[in-house]
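Subject: A structure for you to look at

Hi there,

Here is the structure I promised to pass on to you. Please open it beside this email and follow along as you read.

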Amino acid sequence: MTLPVFMFYLLAAVILLFSVLTIASRRMLRSAVYLLFVLIGTSGLYFLLDYQFLAGVQITLYAGGIVVLIIFSILLTSHISHKFKRPAAWKLWMGLTVLVFGSGTALWVLLLHPFSKNPAVKDVPVDMHLIGNQLLGMGKNGYVLPFELISVLLLAAMVAAIIVAKKEKK
Amino acid sequence: MIQGLSIYHFLVVSTLMFFIGIAGFIIRQNLITILLSVELILNSVAINFLVFNRFLYPDQLQGHFFSLFIIGIAAAEASVAIALIINIYRRIHNINADNVNEMKF
Amino acid sequence: MNILSLFVLVPVLTVVGIMFTGGLKGTRIVAVVGMGIQLLLAAWLVFYYLAVKGSGDLNEMILVSDYTWFPSLNIRYTVGVDGISVSLIALTAVVIFAGVFASWGMDYLPREFFITLILLATGVFGFFISLDLFTLFLFYELAVIPMYLLIGIWGSGPKEMAAMKLTLMLMGGSALLLVGLLGLYFYSAPDGGAFTFNILELAKVHMPSGAQRFFFPLTFVGFGVLGALFPFHTWSPDGHASAPTAVSMLHAGVLMKLGAYGCFRVAIFLMPEAASEMAWIFIILTSISVVYGAFGAIMQKDLKYINAYSSVSHVGLILFALLMMNKTAVNGAILQMISHGLMTALFFALIGMIYGRTHTRNIYEMGGLMKVMPFLGVMYLLGGLASLGLPGFSGFVAEMTIFFGAFQHLDLFHRAATILVVSSIVVTAVYVLRAVGIFMLGQIKNKEHLKLQDAKWHEKLSTITLMIGIIGIGVFPLWLSDTILGSLQPFMDRLSAYLH
Amino acid sequence: MTGFQTVLLLRHELLLILAAVGIIIFDLLLPPEKKTRIIHSSTILFGAVFLLSLIPVESGELFGGSFQENRLTGFMKDILNLAVFIIFLQSGGYLRKKENAHKMGEYFALIIFTLTGMDFMISSGDFLTFFIGLETASIPVAGLVAYDQFKSRSAEAGVKLILLSALSSGVLLFGISMIYGATGSIYFTDIAPGISASPLVILGFIFFVSGMGFKISLVPFHLWTADVYEGAPVNVTAYLSVVSKGAAVFIFAIILFTVFKNIIQVWENVLYALAVLTMTIGNLFAIRQDNIKRFLAFSSIAQAGFILLGIMGTGSLGMTTIVYFLLIYVFTNLAAFGVAAAIYEASGVETISGYKGLYATNPRLSLVMMLALFSLAGIPPVAGFFGKFFLFTSAGSQGYFILILIAVANATVSLYYYLLVVKAMFIDKNDQPVSHFKSPLTMRISLLICSLGIFFVGFASGIFEYIMSLSGMLF
Amino acid sequence: MMVGLGVSGYGGEEGLGYMAGMFHLFTHAMFKALLFLTAGSIIHAVHSNYMQDMGGLRKYLPITHITFLVAALAISGIPPFSGFFSKDEILAAAFHSNKLLFYTEYITAGITSFYIFRLYFTIFWGKETRYEHKPHEAPLNMTIPLIFLALASALAGFIPFHDLVSSDMRPFDTNTDLMIALPSVLIGLLGIAGAWILYKKENDIPQRITALLGGLYSATYHKFYIDEIYLFVTKKILFNLVARPIAWFDRHIVDGFMMGMGTVTVKASEKIRKLQSGELQQYAFVYVAGVILFVLTFIYYLGE
């Protein structure tokens with residue numbers, strides 16, 4: 001077993017374990033922390049796949065940004081020591097059914113699909129240069145339009161968050 | 001390409017993560033933990049895109065960028081959702097999913 | 001501007017006119033003027049038609065004009081009339097004219113009432129002049145939906161339920177019809193080319209028999225619901241009984257004929273093969289309608305229910321005759337449409353007038369009314385006699401012709417059905433005379449009734465208009481039956497082309 | 001492609017972004033006591049945007065095919081603009097309420113931002129732009145849904161919307177990733193040839209459909225609809241049910257017709273099933289509703305089922321009937337929501353039983369409502385009849401007569417509950433009907449526009465032919 | 001009871017008997033209606049339903065008298081009144097098919113004319129009854145229909161209703177067959193003559209015949225109990241056994257079914273409302289379960 005393969009199995013185990021723990025833990029803050037582990041594990045996968053830039057983004061934006069935001073909100077809305085009741089049985093059953101049948105179906109389909117390997121294609125080095133150029137590229141495989149659009153989205157989301165939170169001036 | 005690892009290895013991980021996220025969405029009582037499940041879902045999809053990109057179509061970075069933007073959208077989604085959840089909290093001092101069922105039938 | 005379009009335009013203008021007038025007086029003046037013009041137009045149309053035919057015009061339709069409406073779907077506004085539609089237009093004009101007078105005293109929201117009523121009439125006129133199935137369907141639904149408001153707002157008794165039942169059943173019927181029409185449309189160009197909704201064009205196309213078998217029942221039942229085809233007739237008693245007078249008149253008198261006319265002009269005419277194959281099913285159903293309506297009428301206490309069931313029976317007879325698919329029977333069917341239209345309108349008008357005085361429609365609560373209101377009584381009696389097929393009235397001519405036509409089928413099935421249907425005549429006599437005997441003759445049961453007044457001038461005008469029609473057809477049936485017969489030829493040609 | 005041409009092709013989006021940013025800045029500049037000015041100025045500004053973007057521009061694509069503009073998409077965007085303009089006209093009364101005074105500007109800005117997202121979504125030429133457009137059109141809307149500060153229902157609706165919408169976009173993304181995996185591209189034009197009916201594609205396709213079905217409220221992906229519609233402010237509900245749904249339907253059809261044209265037999269079957277479910281379930285639920293917004297929610301679900309019949313027609317006929325129906329739907333539904341909004345603002349009544357006897361006190365409003373309901377039910381001579389008839393025609397052109405039969409049966413059921421509202425307004429007696437009131441001028445103007453639309457869009461065949469010619473250029 | 005005669009026509013020769021039956025049904029409807037109306041007019045005048053209260057009314061009620069006479073002649077099949085034509089055709093039809101039926105009909109025709117004229121003579125001629133109020137003719141609104149109907153009964157036979165219908169089938173041969181018509185008219189006249197002798201003047205001949213014939217007369221006096229049978233048939237059978245069940249069937253089964261469709265829809269709506277539980281997570285479950293089901297179904301049915 002080579003190192004990458006070992007790393008993969010390790011990361012996979014971490015990701016899946018903490019995924020399950022995220023949804024299973026009865027303490028909210030722990031859930032969030034487990035999610036953080038999942039995200040970090042994911043970024044490990046990205047490194048493994050040679051997408052260093054994205055791995056970085058994953059850690060900074062996702063793990064560093066969103067999860068922190070979530071943790072803040074948890075602290076704001078509930079007590080740290082708060083422990084949930086066990087989930088209602090019907091919900092548990094619904095969830096497990098979906099988990100079993102859904103992943104069963106999807107895996108069945110995916111694993112049976114003969115993904116064509118295209119040996120002629122060489123690995124394209126993913127350097128920052130290329131990413132930068134494509135991110136602001138105007139032509140095909142250029143992403144300036146989504147880039148601009150997501151800025152609109154973020155602005156709009158900000159406004160939306162504001163009007164929800166905004167209080168009437170006395 | 002990583003020797004000894006096929007695309008299927010990665011897809012199994014991401015798929016399981018996806019459905020764990022969905023199960024979490026259904027099972028958890030707390031709105032914020034539901035949001036955590038959503039993050040799991042989005043994350044798993046991001047893995048999907050990257051894996052396909054790396055293993056099958058490495059000459060372009062379409063999957064890569066898709067993942068990148070998914071992270072951005074997840075951020076936007078999370079921020080609005082958190083705002084709304086806090087809004088609920090301010091109203092009923094509780095963010096249990098069981099308590100947001102005033103409207104039905 | 002095509003002269004036929006005036007039949008739609010005049011009511012629409014009348015509606016607009018009513019919108020801009022206030023008060024009961026102004027409203028009814030506008031309504032009367034509008035419908036009077038319509039009546040004159042109809043009279044003119046009849047004479048014009050006779051003149052044109054007299055001069056040897058051999059076209060199937062006259063006054064045809066054709067405007068493209070939705071070019072990409074080849075939906076057109078095509079109008080034209082033949083003898084059949086001319087006579088039905090005349091009928092409608094007479095009934096709606098009488099209907100306006102019958103609702104002279106409408107005091108609750110009169111403006112809205114007349115607007116809705118005339119809107120309904122617009123639909124009917126539009127239906128009869130249309131040659132394009134799309135416009136035909138449009139007008140058909142337009143004629144059905146105002147019924148809801150008319151019954152619901154101005155009706156009596158369990159009006160909400162009756163209105164809802166009526167509307168839903170009729171619209172359910174028209175929903176089936178819609179599928180049938182689309183079927184006709186999409187099979188109208190077997191060799192490629194543009195699809196068409198035009199009846200005359202469709203008549204030239206032979207639809208595959210498999211498709212006919214699917215779409216014919218839909219179309220026939222779709223129209224049949226409005227023609228009170230058993231078992232889809234149950235809207236009729238409740239609906240008619242709850243509707244205000246003018247609406248009952250128009251509905252039983254004219255709207256039910258829309259169904260019959262549609263069965264004839266669309267279902268049977270355009271899909272003759274399936275029609276002849278499946279006729280037996282519908283012959284059974286219509287025979288049941290006829291007998292059953294007649295028997296249903298026997299047991300009723302409410303005058304309107306009696307007449308509603310009788311309408312089921314009589315309109316069933318029309319459908320029955322259409323399914324006989326020969327010239328005589330179909331001729332009879334159309335005569336019956338007109339005859340029954342006048343008759344039943346008369347009945348409902350009279351019932352409305354009687355009810356307006358006695359405030360009851362229960363025949364057991366009345367009696368001896370002949371003495372207090374001789375005019376209404378005599379009119380009712382005459383209407384009843386016409387209804388049971390007395391010679392000299394239109395009913396006789398129509399029913400006789402139908403039975404002759406029906407009798408031309410020699411096989412046992414048709415024969416048995418015909419005999420069954422004929423026997424309904426006897427039952428008709430029973431229920432008509434029974435009702436007359438109970439509430440017109442005999443002793444006055446309610447002293448209050450002695451104070452009642454006979455018909456006022458507008459009521460007389462309304463009933464006499466209708467009575468003239470009934471007796472006119474009864475005494476001089478030939479001009480009408482010739483008018484119709486002339487127009488039946490294309491129908492017969494098409495039938496014989498596919499059946500033999 | 002010169003810069004000016006680029007700007008012309010992007011005219012809708014650029015104008016909208018400018019307008020939204022302008023409104024935010026203007027809002028900041030206004031002194032607090034003059035805040036209400038923002039209502040009229042935004043409406044007028046938006047009217048100007050609407051008019052400016054009417055310039056017809058020939059088709060073209062930008063950003064290497066990520067942005068596709070043609071006459072049809074342009075027309076669709078104009079329809080959406082018109083709808084939003086009408087909604088702005090109707091919002092005045094609601095926004096003037098004291099508790100909303102501090103966030104009126106944001107209301108307009110958010111609607112315009114989300115509309116921009118929809119415009120990008122409509123014009124998208126790849127799944128990435130499409131998806132970001134979709135999210136732009138849905139995430140901020142949750143904020144709008146929770147706009148009402150003093151109603152816990154509003155907050156609840158917002159949370160339900162954002163979480164379920166996140167779930168659905170997750171599922172949608174999973175589907176897109178599968179399609180990417182199967183075909184190797186996110187560009188529509190590159191995907192189309194690679195599509196075949198392999199299980200992976202079907203899986204990806206159905207995940208994708210579910211995401212779209214969520215936006216369009218197709219059964220079984222519809223469950224959020226009623227709750228969110230009920231909780232949201234009426235004008236936002238109108239926006240959701242007309243604009244948001246319309247845009248989604250449009251791009252859904254385009255993607256089906258272009259990207260998935262190879263597996264037409266698959267998606268026709270999927271849509272068949274969805275249409276039957278949607279119409280039936282939507283109708284069955286609508287029967288029992290008393291809250292007018294909930295009622296209209298289920299009715300709009302049923303309408304979505306009818307729209308699917310139009311999509312079944314495929315090709316230019318299908319596209320035309322959909323766009324035509326959406327145009328009619330704008331007038332029809334906005335008329336209904338407008339009346340509901342007017343009544344709610346004046347009296348706080350938002351139940352059908354509260355509408356009893358309305359005709360006696362507010363005849364005009366009842367008439368507009370009746371027109372709208374008849375149009376929804378597809379009764380001639382109002383436009384809904386034409387819209388629905390052509391949808392059926394579209395399905396009939398592919399021979400789906402059984403489906404049409406199911407649809408017309410459902411249309412009859414739907415007539416029942418529409419008539420229940422008519423009955424409440426016109427027939428039922430009420431001791432304490434909604435008292436007579438005069439709604440604001442803008443509201444009356446909007447209702448006038450809607451009524452005119454309901455009357456004339458059907459008869460004026462030119463509109464249908466115009467759409468036909470536009471979509472004829474594409475397919 | 002003339003209906004019986006009409007009905008027998010159905011069995012007759014192809015075409016003719018049927019047509020004749022129909023024809024008779026119509027003429028019959030007409031003069032029967034006329035009879036009903038005159039009866040109404042008489043009752044109106046005399047304020048009594050019983051024949052023994054009447055007599056010699058021809059002076060007081062001239063119009064009723066004449067119209068009744070017309071109806072009676074028509075029903076007896078005396079030319080040129082309408083009954084003659086229709087009855088003649090029935091007889092012709094019967095003659096060609098069933099001799100027994102033919103003769104029976106001769107006899108019943110005779111009896112019909114006898115009893116109808118018995119009625120006529122007793123009411124309008126016969127004994128002079130003293131009336132409490134002087135009977136007077138009904139008002140115009142009642143007499144006009146009488147006159148109208150009388151005219152119709154008199155002339156309907158001449159309505160060429162075969163020609164109304166320019167049928168594409170062979171027209172029926174409706175020429176009067178003298179050999180059949182003549183006896184029938186004679187029998188009709190015989191019946192009238194009998195009634196004339198017995199009832200025109202108040203006399204004791206009927207009583208004597210009664211004595212002579214005993215039981216037979218008492219049977220005919222009650223018209224062979226036919227009126228009772230008639231009442232039984234209409235009231236008990238037609239009304240109670242046919243019409244009432246049909247009315248019930250219509251209300252409850254047919255209409256019940258139509259209403260039932262509506263009720264079922266509304267019930268179904270009630271049953272499934274739990275689906276919309278307001279629970280966020282149930283919505284999510286339905287959503288995902290729907291997706292999975294769709295995937296499985298369509299991969300199974302449509303996958304390559």
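Predicted model: local features only at pLDDT ≥ 70, side-chain atom pairs only at ≥ 80, totals over all residues.

Residues are numbered from 1 along each chain as its sequence is written, chains are lettered from A and ligands numbered from 1 in the order in which they are written, and side-chain values use heavy atoms, with hydrogens and water left out.

**Chains A and B**

Chain B gives 71 residues to the contact and chain A gives 84, where contact means heavy atoms within 4.5 Å. The size of an interface is often given as the accessible area lost when the parts come together. Here chain B and chain A bury about 7,200 Å², with 76% of it on carbon and sulfur atoms; buried area is the accessible area (1.4 Å probe) that two parts lose on being put together, summed over both.

On the chain B side, the elements that give two or more residues are helix H1 (7-27), helix H2 (31-55) and helix H3 (62-92). Helices here are DSSP runs (H or I, at least four residues) and strands are runs of E (at least two), numbered from the N terminus. H3(B) supplies the largest share of that side, 22 residues.

How many salt bridges cross the interface of chain B and chain A? The rule finds zero, a salt bridge being a side-chain nitrogen of Lys or Arg within 4 Å of a carboxyl oxygen of Asp or Glu.

**Salt bridges elsewhere**

Side chains of opposite charge can pair when their charged atoms come close. Over all chains, the search finds 21 salt bridges. One of them joins Asp82(C) and Arg265(C), at 2.5 Å from N to O. Asp82(C) lies in the loop between strand S2 (75-81) and helix H3 (83-102) of chain C, while Arg265(C) is in helix H11 (residues 245-270), 183 residues apart. Both Asp82(C) and Arg265(C) are buried, meaning under 20% relative accessible area, with exposed being over 50% and partly exposed in between (1.4 Å probe, protein chains only).

Asp302(C) and Arg361(C) also form a salt bridge, at 3.1 Å from N to O. Asp302(C) is buried at 19% relative accessible area, and Arg361(C) is buried at 12%.

In chain D, Glu350(D) pairs with Lys293(D), their closest N and O atoms being 3.4 Å apart. Glu350(D) and Lys293(D) are both buried. Salt bridges with shared partners also join Arg153(D), Glu156(D), Lys160(D), Asp227(D), Glu230(D) and Arg294(D) into one network.

**Cysteines**

A disulfide is a covalent bond between the sulfur atoms of two cysteines. The count over all chains is zero, using sulfur atoms within 2.5 Å as the rule. Cys263(C) is buried, with a relative accessible area of 0%, and Cys450(D) is buried with a value of 0%.

Is Ile85(B) buried or exposed? Ile85(B) counts as buried because its relative accessibility is 1%. Leaving out residues up to four places away in sequence, Ile85(B) touches Leu31(B), Ile32(B), Leu35(B), Ile95(B) and Val159(D).

Enjoy exploring!
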